Amino acid sequence: MEPLHLEGSPKTPHVHFDPASGLLELKGRSIPENSIDFYKPLIDWIEKYGRNPNAKTALHVQLEYFNTSSSKCILDVFKRLEPIRSAGNEVTVLWHYEADDEDMLEAGEDYSGIINLPFKMIQIAEVSGD
């Protein structure tokens with residue numbers, strides 16, 4: 001299976017999903033014109049990855065901002081990871097947020113409360129879109 005790599009833009013996050021290491025990264029800003037169009041390849045990739053996942057999968061989410069339509073799509077990304085964990089694999093979401101960004105911390109806590117995946121909140125100095 002090939003890695004998924006999308007360069008970030010002012011409206012879309014940087015995406016790097018590596019099946020060999022189980023490291024998935026979503027970084028930057030998520031305000032795409034059409035969130036469903038942007039996130040569909042990510043969701044499709046995770047569904048395919050779930051057929052033969054790494055024993056350990058870590059999704060790093062480091063977003064400085066996301067709009068409402070992106071929030072639904074991000075939830076869909078998390079939902080696609082749940083069956084991978086249910087099958088006995090280790091899946092962790094690492095939610096990065098800036099120290100002064102309580103909204104982003106609360107967003108991570110909200111997701112953590114509705115998704116059956118372990119979340120780890122990680123406070124950082126500054127979100128990087130690289």
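Asparagine 67 sits in the loop between β4 and α2; helices (H or I, at least four residues) and strands (E, at least two) are DSSP runs, numbered from the N terminus. This is a predicted model, in which local features need pLDDT of at least 70 and side-chain atom pairs count only at pLDDT 80 or more, while totals for chains, interfaces and linings use all residues. Residues are numbered from 1 along each chain as its sequence is written, and side-chain values use heavy atoms, with hydrogens and water left out.

Is asparagine 67 buried or exposed? Asparagine 67 counts as buried because its relative accessibility is 18%; buried means under 20% relative accessible area, exposed over 50%, and partly exposed in between (1.4 Å probe, protein chains only). Leaving aside neighbours within four places in sequence, asparagine 67 is in contact (heavy atoms within 4.5 Å) with Ser30, Ile31, Pro32 and Ser35. Its side chain also has a polar contact of 3.3 Å with the side chain of serine 69. A polar contact here is a pair of N or O atoms within 3.5 Å; within protein, one must be able to donate a hydrogen and the other to accept it, and residues adjacent in sequence count only if both atoms are side-chain atoms.

Asparagine 89 is found in the loop between α2 and β5. With a relative accessible area of 18%, asparagine 89 is buried.

Now for the strands. They form an open sheet of six, in the order β1-β2-β3-β4-β5-β6, with mixed pairing; two strands pair if DSSP finds at least two bridges between them. The edges are β1 and β6 (119-124), each of which pairs on one side only. From one strand to the next, the twist averages 15 degrees. α2 packs on this sheet, touching β3, β4, β5 and β6, and its direction makes about 175 degrees with that of β4. Axes are lines fitted to C-alpha atoms, for helices over the stretch in contact, and angles run from 0 to 180 degrees between N-to-C directions. α3 lies across β4, β5 and β6, at about 160 degrees to β5.

Start at the antiparallel end: β1 (residues 4-6) pairs with β2 over three bridges, and leucine 6 has valine 15 as its bridge partner in β2. β2 then pairs with β3, again in the antiparallel sense, over five bridges. Across that pairing, histidine 14 stands opposite lysine 27 and valine 15 stands opposite leucine 26. The β2-β3 hairpin has four residues between its strands, and there glycine 22 takes a positive phi near 75 degrees. β2 is mostly covered, with four of its five residues buried.

β3 and β4 run parallel and are joined by eight bridges, with leucine 24 opposite leucine 59. β4 and β5 are parallel too, with seven bridges, and here lysine 56 stands opposite glutamate 90.

Histidine 60 is in strand β4. Its side chain makes a polar contact of 2.9 Å with the side chain of histidine 96. Beyond four places in sequence, histidine 60 is in contact with Leu23, Leu24, Glu25, Leu26, Leu94 and His96.

## The nonpolar core

In soluble globular proteins, nonpolar side chains tend to be buried together. Here the largest nonpolar core has 34 residues, and those with the most contacts inside it are Phe17, Tyr39, Phe78 and Trp95. Such a core is a set of buried Ala, Val, Leu, Ile, Met, Phe, Trp, Tyr and Cys residues joined through side-chain atoms within 4.5 Å. Elements that each supply at least two residues include β2 (14-18), β3 (23-30), α1 (35-49), β4 (56-66), α2 (68-86), β5 (90-98) and α3 (102-114).

Which residues does tryptophan 95 touch? Not counting residues up to four places away in sequence, its contacts are Val61, Phe66, Phe78, Met104, Leu105, Ala107, Gly108, Tyr111, Phe119, Lys120, Met121 and Ile122.
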